[in-house]
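Me: I'd like to learn how to read salt bridges in a model. Could you walk me through them?

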Amino acid sequence: MISPAERDESAPVASRFIRLGAAMRGHGIRIGPSEVTDAARVATALGFDDRTRLRAGMAAAMVRRHEDRVTFDQLFDIYFPAATGARTTTGTPADEAELREQLARALATGDEAELDRLAAAAVELLGAIDETEPDRGWSSARTLEALAPQRAISAAHQQLRATQEGSGGEGDAQGPGSGMTPAASAGVDTSWAVNPWDRPPTRPEQLTDRVDRDELRRRVEDFRGRVGTETRRRNAELRDRDRLAQLAVPATLRQRDFVSSGERQLEQLRHEIDPLARKLAARMTARERAGRGSIDVRRTLRASMSTGGVPIKPAYRNRAPHRPDLVLLADLSGSVGGFSTFTMLLMQALHQHFRRVRVFGFVSSTAEITDVVHELPPGTSLTSWALSTPELIGRGTNSSYGWALRTFARGHLDAITKRSTVLVLGDARNNYGDPNVADLERVRDRARHIAWLNPEPRSLWGQGDSAVRSYREAVPMHECRNLDQLRDFVADTMPT
């Protein structure tokens, strides 16, 4: 039986460009046949000897958005690997201690070729999922956990300080902060620097030391990326590359689920959501402006005098443009805990672009939280706060859409007028309770527009305790799990 690696090696090179393009489309990157053709022409012109140059050239032909470059680089390493098999060379460390010592030296010198070699050695030495059966695959998380490369920062920094002290002191241009010259080039014995307790007395802390430590941290993060690249390369030889590209490469920010986004991704989301909120407000205002008012009888009769008193073309009163009101009804229960942070970001962004925004949250009962949204820091998760707020858990800490709609209709229905747009944010999982569609219809009938944004995949709608089927009959519901779907909602659901 032919292994995935043997099949890939025997396949024509052209197929790799096609499969790379398909993998990029699978990660939400817009790319067509022309970009794939341009990338092949670039590779023909540049050749395959210099991978750094080839990567940059193909990226220029295939990538249109800066944020897609990280995904492209990972896919490039899968379809155009640096080598095949284990990359063992002379000087390969024999154990973990020697590996960490060599890593500290490479971090201090900034030798990229050496860092790349050590990343391959680390995966070979520490990354096997099962040491007795290497064919089971390799793990970057296992490698980094065992190696803990951040522990090498202190030793690398000591080597840099030793370099400065051995090359002329603070005023010497070879000291740290002036290029981080390798310790070996100064002829200084820095073997003691691996153990911070054995170091000799050194000069006081300086500002350049902080700069050097920041640079070492950056190099450690770069080394982590090299380990991930090496792991994907080794796994691609054991498994199908297309499957690996689908599962091993993280989703782009635009496709990452709001529920599973980490702190770093949520900070990036905050910068992306604000323009979408501004666009949503602009589209809704434009739609109101484009609408016609009632018939102006006087102007219609005056215009009909030219047609013998027959009002062929009626005249309408102009409708004054206005910024619409917005009412948000958000589920803050634990079942959508990850979604609540996105909800917070969206609500804070919408506040800036609408005439008036009122926010209501619920778990099993509903209360207004407009002031809370203003006061909490951006990106704060509301779930833990909501589960300890009596007004939101009147019937327990499990979500109850039916009772939440009832308490909203009884106590807050006057918040909705004929100029209000209502957005419901939640997964519609009602714990098998009464969905209370009647009160949702009351909300719908009072509002000018209403839409429901659901963070669950459409394939799960209606399964288990989901009341989606009941609610979809009353209001339009849209899948909204990531930025792409939020953009589609703004562009398609709110047309000009």
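**Reading the salt bridges**

Reply: Gladly! At 6% relative accessibility, Asp 77 is buried (under 20% relative accessible area; exposed is over 50%, partly exposed in between, with a 1.4 Å probe and protein chains only). This is a predicted model, where local features need pLDDT of at least 70, side-chain atom pairs count only at pLDDT 80 or more, and totals for chains, interfaces and linings use all residues. Residues are numbered from 1 along each chain as its sequence is written, and side-chain values use heavy atoms, leaving out hydrogens and water.

Me: Which residue forms a salt bridge with Asp 77?

Reply: Side chains of opposite charge can pair when their charged atoms come close. A salt bridge here is a side-chain nitrogen of Lys or Arg within 4 Å of a carboxyl oxygen of Asp or Glu. For Asp 77 the partner is Arg 51, with the closest N and O atoms 3.1 Å apart. Arg 51 sits in helix α4 (residues 51-62) and Asp 77 in helix α5 (residues 69-79), 26 residues apart; helices are DSSP runs of H or I, at least four residues, and strands are runs of E, at least two, numbered from the N terminus. Arg 51 is partly exposed at 22%.

Me: Where do Arg 458 and Glu 479 lie?

Reply: These two side chains form a salt bridge at 3.8 Å, N to O. Arg 458 is in the loop between β5 (449-454) and α19 (468-472) and Glu 479 in strand β6 (residues 477-479), so the pair ties together parts 21 residues apart in sequence. Salt bridges that share partners also join Arg 51, Arg 55, Arg 69, Asp 73 and Asp 77 into one network.

Me: How many salt bridges are there by this rule?

Reply: The count comes to 29.
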